[in-house]
Amino acid sequence: YLGPGRFQMVQQHVCSECPNYEFVIEDRQLEVEIELGMRDGYIYPFPGEGEPHVDGESGDLKFLIRQQTHPIFHRSGDDLYTNVTISLADSLVGFDFELTHLDGHKVPLKREQITWPGAVMRVSNEGMPNYENNNKKGSLFVTIDVVFPHDRTLTAQEKETVKGIFGDKVERKVTYGVPARRPDGLDKGHTGPIAYNGFVSNSAAE
């Protein structure tokens, strides 16, 4: 390991005997530089560094880049996705907090309106850098989960207060966008904000 984004591997030529050719074992270091924006499945080629052939040119050595899964963020192209859980109170009165990004910088998330479960916030230029043009970045999509209080019964007065604010008619609607998986604790009424990767990755590095 040579530092952030730099790795090394050793190639060894196989010896063989031939009346006119002789293969000699040779150890060499090859550097693989992980550049900004490289995507999962990218092939890093080393022309002529593969298996040697007596009657022709040597083959190529290809280094397959595999992206590890992350506990908070899920990548799709240049965009990043994450889930954040908030309390019922925050979903009703609004919230203002910061989400820690991959490199440690803080992304402010603020909303004053009522937030429903499955709502998605888009933050431009907070995704991954584009591999072909590092000056461009994707977006960050934040799906909001709302944790309702457990083992709590409203009093008659509280119920009337809620009805007075929102009215007697409640719209019954199925909201899509529930994540594929949720972290431990959410089913126990833990509030937030809790950020996590709500997607299932198909990467071989998982």
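1. The side chains of Glu 132 and Arg 39 meet in a salt bridge, with 3.6 Å from N to O. A salt bridge here is a side-chain nitrogen of Lys or Arg within 4 Å of a carboxyl oxygen of Asp or Glu. The pair links distant parts of the chain, 93 residues apart: Glu 132 lies in the loop between strand E9 (120–123) and strand E10 (140–147), and Arg 39 in the loop between strand E2 (27–33) and strand E3 (43–46). Glu 132 is exposed, at a relative accessible area of 60%, whereas Arg 39 is partly exposed, at 30%. Buried means under 20% relative accessible area, exposed over 50%, and partly exposed in between (1.4 Å probe, protein chains only).

2. The model is predicted: local features need pLDDT of at least 70, side-chain atom pairs count only at pLDDT 80 or more, and totals for chains, interfaces and linings use all residues. Residues are numbered from 1 along each chain as its sequence is written, and side-chain values use heavy atoms, with hydrogens and water left out.

3. By the rule stated above, the count comes to five salt bridges. One of them joins Arg 66 to Asp 40, the closest N and O atoms being 3.2 Å apart. This pair also links distant parts of the chain, 26 residues apart, with Arg 66 in the loop between strand E4 (61–64) and strand E5 (74–76) and Asp 40 in the loop between E2 and E3. Arg 66 is partly exposed, with a relative accessible area of 40%; Asp 40 is partly exposed as well, with 33%.

4. Arg 75 forms a salt bridge with Asp 78, at 4.0 Å between the closest N and O atoms. Both Arg 75 and Asp 78 are buried. Arg 39, Arg 75, Asp 78 and Glu 132 are linked in a network of salt bridges.

5. The protein chain contains two helices and eleven strands. These elements are DSSP runs (helices H or I, at least four residues; strands E, at least two), numbered from the N terminus. Of the 206 residues, 30% count as buried.

6. Confidence deserves attention. The chain averages a pLDDT (the predictor's confidence in each residue, from 0 to 100) of 76, and 68% of the residues score at least 70.
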